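Here is a short tour for anyone opening this one for the first time. Have the sequence and the 3D view side by side, and follow along.

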Amino acid sequence: MLPYLFWKENKAILKYFTIAFVGSSTAWVYYQVNKTRDILENALDDSVLQFMDHYVAKEETLEEEIIEFEPYLEYRKTGLIQWALNNLKFGYARRLLALSKDSNKYFRTKAVNNLANINYLDSWHFALIANMIDPRTAVALARTPNADRRFFLEPPFRYHNYKKDELINAMREFLIEVFEKSQHPCMGYFLSKAFVYDHDSGHIVDHDSSSLELSKFIQTEKEILPMCLESLLHHCNVERYSTDIADLNGLPLLMEIYKRYSGDINVTIKLCQILSYMSYNRHLLEPFCKSGWIGVLSNWAHHKDIRVSIPAARALANLDDDNDARYPSQLYVLHPLNRTKFDQAVDVIFVHGLLGGVFFTWRQRQTNPVAAGFIGSETADSEARRTTKQYFQDITDKILTNEYEIVWNDIPLNSSDNCSGPFTCPGEKFDFDNAPVEDGSYTYCWPKDWLAQDCKNIRVIGINYNTSLSMWAPLCPSRKEKLTLNERSDLMVEKLVQSEVGKRPIVWITHSMGGLIVKNILCKAYSSNDPKLKSICLNTKGVVFYSTPHSGSKVANLSNAVSLVLWPSVEVQELKENSPQLKVIHDEFLNIVRVVPMKVVTFVETKSTVVTALKFNFLLVEPKSGNPGVGEYYEIPQDHLGICKPGNRYSFLYQRVLHLLQEVKQNEAR
């Protein structure tokens, strides 16, 4: 009661006292801040600025100094509030940086996400943070969408003063070190053929006249450096050699080549693939970070060319310590390319066929757009002569009235009795804004671009492997690899386990020989005693075959005389019609389908494929061989190369796959 009465009687006195105290405290803080700032300013050695006198005239120097100090003078006008606000922002960023190194994965992820959203700092703030970031956080930021490029260290300068001949000699010496360390015969073969000069008295591997003749054509930097990168790419593709470049401190040399040829897409592709192969060794993260490659890979992950963006995304995913899955050679993650907030519900794995590749097998088909047919429309045929865009604009009102249904492109000519489609789209559900119009949009990888948008929370993996038609053209001049179907399957199963495949539902999308490999993988996994391998088969919910020759192909039936001339590869020999090995694999696959519930969808070509080199037409997979005898079967009016390339999103070849994935996700959610 007494304190209350005292406060009531002396209210005015206390009020003035409080104002005086707060004012004096504020003035004291302001004085101390200004005094500290003046001390720091006077501590700067003016002689540091004199180095500019060697490069710039005095007038230009004074002008630059005036321009440089104008923002500072303006800054002083803003006073204490702006100064304190900038320091609070920087302090917040540093706090996030400290949390990004926490032992708890949840806190690390939240901190990295918040740090990536910071865009209000000055450039010198970003420079400080870039030097404070540890390699693990740098990779996490590189895999986080919209992270500022200034978070990553700039690459150091080491070879920037080298002239053309000096850079070539540096590359030559480095390749010699690589060969001496690994004794890789292919590297030795390349060195003996590429770096041969008239004054050389001996060669690394052999000595013949062809080496000297070849060397006369590749004496320029633009010719020999891409060849060196191709040799390194082949070298580090072999897993036991994949660390040699980093072990011999070759990353700065590759960085200098990148700087000089940043506009050359072929050089960029080779460099990105080399780094992608090396990234499987997660202990190389620190050399990657110190040499400046993390920031470059972050930019490449958003490159418009998938031959750059996909390998770059794989490299960052492999280097990410918080990512349990790793992607060895032959496996590429197509989606998601960045970190995501949600776990993926289904794994969708694409396996190409003979002479195929993950970068071109799954392209959109390049054809002139043809208007989709409308059930009940009498003018569809006449309107089809007009452009697709004009046609859709004219009939928009009819679509909205729900009087028409749109028939998918690539509609089947024939199908089995148990096929359900759907073959049409109701008018009210048709997405007019994304209709297949002549707008120049084209995808080089429809699994990456279309499925990622139309079917959320899935992981898309592409398997890439090398094949050939003849043993006359081996992939490596010093080593002729002969991988049988069984050997390829064993190798892929091992790599799939390393990528965490088998822990969630799986849908396989295959083309041609890829379907044979997948069937063999499922057979091996089903009979395995290893639970990780067996789960690959037990978790398979669907298989899609694009023209897979289940019983072989007539085209592979070569006579003995022709075989002696062509010397067909192991892949071609195993595709002979009515091959006993293919029959055993298919019978085992049919037994698995009866035990493990999975949907099987098959598309088979009906048009002959034009072989450009021979000018012949071949029906590479006939309906009898392409029909697995189980599941849904569709005969599509396309050739062997176009059967796996939908013309657009409204192609039945794509829509049936999309509906299959949606069915699998719905069934798993129940």
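## A buried histidine

A residue counts as buried when its relative accessible area is under 20%. Keep that cut-off in mind for H352: with a relative accessibility of 0%, H352 counts as buried. One thing to know before going on is that this is a predicted model.

So where does this histidine sit, and what does it touch? H352 is found in the loop between β2 and α18. Leaving out residues up to four places away in sequence, H352 touches G357, V358, T361, W362, I463, N464, Y465, H511, M513 and G514.

## The chain as a whole

Time to zoom out. The chain has 670 residues, and 48% of them count as buried. Its make-up is 29 helices and 12 strands.

Now for the aromatic side chains. A pair of aromatic rings is described by the distance of the centres and the angle of the planes. Searching the whole structure turns up 22 aromatic pairs. One of them is Y332 with F359: the ring centres are 5.3 Å apart and the planes stand at 65°, so this pair is edge-to-face. Y332 belongs to strand β1 (residues 331–335), while F359 is in the loop between β2 (346–351) and α18 (380–383), so the pair links distant parts of the chain, 27 residues apart. Both Y332 and F359 are buried.

F603 and Y634 make a stacked pair, with 5.7 Å from centre to centre and 25° between the planes. Strand β9 (residues 599–605) holds F603 and strand β12 (residues 632–636) holds Y634, so the pair ties together parts 31 residues apart in sequence. F603 and Y634 are both buried. These two also belong to one aromatic cluster, together with F350, W362, F423, W446, W450, Y546, F652 and Y654.

## Charges over rings

Which arginines sit over a tyrosine ring? The charged end of R314 is over the ring of Y332, 4.0 Å from its centre. The charged end of R326 is over the ring of Y280, 4.4 Å from its centre.

## Empty space inside

Rolling a probe the size of a water molecule over the atoms shows where empty space is left. Here the count comes to four cavities of 30 Å³ or more. The largest cavity has a volume of about 110 Å³.

What lines this largest cavity? It has 14 lining residues, and E239, Y277, Y280, P328 and S329 lie nearest its centre. Y280 is also the residue whose ring has the charged end of R326 over it.

## Two helices to look at

Helix α7 (residues 135–142) is mostly covered, with six of its eight residues buried. The buried ones are T137, A138, V139, A140, L141 and A142.

In helix α11 (residues 221–236) you will find S231. Is S231 buried or exposed? Its relative accessibility is 11%, so S231 counts as buried. Setting aside neighbours within four places in sequence, S231 is in contact with M187 and F190.

How values were computed: Residues are numbered from 1 along each chain as its sequence is written. This is a predicted model: local features need pLDDT of at least 70, side-chain atom pairs count only at pLDDT 80 or more; totals for chains, interfaces and linings use all residues. Side-chain values use heavy atoms; hydrogens and water are left out. Rings of Phe, Tyr and Trp (its six-membered ring) pair if their centres lie within 6.5 Å; planes under 30 degrees apart count as stacked, over 60 as edge-to-face and the rest as tilted. Helices (H or I, at least four residues) and strands (E, at least two) are DSSP runs, numbered from the N terminus. Buried means under 20% relative accessible area, exposed over 50%, partly exposed in between (1.4 Å probe, protein chains only). A charge sits over a ring if NZ of Lys or CZ of Arg is within 6 Å of the ring centre and within 35 degrees of the ring normal. Contact means heavy atoms within 4.5 Å. On a 1 Å grid over the protein atoms alone, a cavity is a set of points where a 1.4 Å probe fits but cannot get out, and a pocket is an open set with protein on both sides within 12 Å along at least five of seven lines; lining residues have an atom within 4 Å of a point. Grid points are joined across faces, edges and corners, and a volume is the space filled by probe spheres set on the points.
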